[in-house]
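I opened this model to look up its overall build and a few residues. My notes are below the view.

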Amino acid sequence: YVRRVFIMDDCKELIPDYLDFMVGIVDSDDLPLNISREVLQQNKIIKIMRKNIVKHCLSLFEEMAQDEEKYAKFYGQFATNLKLGLHEDQNNVPRLSKLVRFNTSHNVESLFSFDDYVRRMKEGQKDIYYIQGENINTIKNSPFLENFDKNDIEVILFTDAIDVYILNNLKEYEGRKLVCISKDGLVLPLSEDEEKDWKGKVGEWGDVCKHASEVLGDRVEKVVLSQKLFDSPCCISTGQ
């Protein structure tokens, strides 16, 4: 509506795609009455209105998130929309990242926020660890989790297809890097004694790694000793 005069019943320019489940009425005194779709797309006032509408929507969700039971019902229906927002709306990534929920290696039955994860981080842990997979069962049996489970380090389990895209924008959360445990170059937080012991193992197994690398040739980039494994003899990591 413009000055209470009906203009159109579906103004897509007023709200981003990921919030298309929100329904409301907007009445403006700042737009011309003879407005058209072409004018709408170029109008600065529309952009300001869109920004404010998104801000109000996120405030509503944040308020709802204070009640975990109520928010769980909402999140069950609109999780994909919020994750799509993380992919599309770079300006609001910090706010949207507080609204997403996920299972972890410590509890696959419940959903947790990044704040929940950070509160439970082990002493000396600087990064947020995660792993991606098709489903919870596949991930829970992954050899990549062995040493994390042994050392009681929690890992976020991303299983939605859309999670691949949100991680393109979500590189860190409040200064803590998000690190994929199935990728190369992972270094676990170790005490001084553990660090010394680890360096000894790297030296001890150096010839074996070198020989395996020569045997496998160009089928692998390199062969190294891994901090991730405990029971499994080996695994294939992807590059950074």
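These entries go from the whole chain to single residues.

**Ground rules.** I worked from a predicted model, where local features need pLDDT of at least 70, side-chain atom pairs count only at pLDDT 80 or more, and totals for chains, interfaces and linings use all residues. Numbering runs from 1 along each chain as its sequence is written, and side-chain values use heavy atoms, with hydrogens and water left out.

**Whole chain.** I looked up the secondary structure and found 10 helices and six strands. Helices here are DSSP runs of H or I with at least four residues, strands are runs of E with at least two, and numbering starts at the N terminus.

Next I checked the dimensions. Along the principal axes, the C-alpha atoms fill a box of roughly 80 × 40 × 30 Å.

I then looked at burial. Of the 240 residues, 36% are buried. Buried means under 20% relative accessible area, exposed means over 50%, and partly exposed is in between (1.4 Å probe, protein chains only). The accessible surface comes to about 15,600 Å², and carbon and sulfur atoms hold 49% of that. The areas come from the Shrake-Rupley method with a 1.4 Å probe; for residues, only the protein chains shown count as cover.

Contacts came next. Among contacts with a separation of 6 or more, 71% join residues 24 or more positions apart. A contact means heavy atoms within 4.5 Å.

I also noted the charges. There are 32 positive and 42 negative side chains, and the centres of the two sets lie 4 Å apart. Lys and Arg count as positive, Asp and Glu as negative; His and the chain ends are not counted. Each charge is placed at NZ of Lys, CZ of Arg, CG of Asp or CD of Glu.

**Gln 125 and Asp 127.** I found Gln 125 in the loop between α5 (114-119) and β3 (128-132). Asp 127 sits in the loop between α5 and β3 as well. Is Gln 125 buried or exposed? Gln 125 counts as buried because its relative accessibility is 9%. Asp 127 has a relative accessible area of 22%, so it is partly exposed.

A polar atom of the Gln 125 side chain lies 2.9 Å from the backbone oxygen of Asp 127. Leaving out residues up to four places away in sequence, Gln 125 touches Tyr 117, Ile 153 and Pro 189. Asp 127 and Leu 188 are 61 residues apart along the chain, with their C-alpha atoms separated by 9.3 Å.

**Leu 14.** I looked in the segment before α1 and found Leu 14 there. Leu 14 counts as buried because its relative accessibility is 13%. Which residues does Leu 14 contact, leaving aside neighbours within four places in sequence? They are Val 26, Ile 46, Met 49, Arg 50 and Ile 53. Leu 14 and Ile 53 are 39 residues apart in sequence and 7.6 Å apart in space, C-alpha to C-alpha.

**Positive phi.** Arg 4 is not a glycine, but its phi is positive, about 70°. Arg 4 lies in the segment before α1 (37-42). With a relative accessible area of 73%, Arg 4 is exposed. Glu 174 also has a positive phi, near 50°. I placed Glu 174 in the loop between β5 (172-173) and β6 (176-180).

How values were computed:
Polar contact = N/O pair within 3.5 Å; in protein donor to acceptor, adjacent residues only side chain to side chain.
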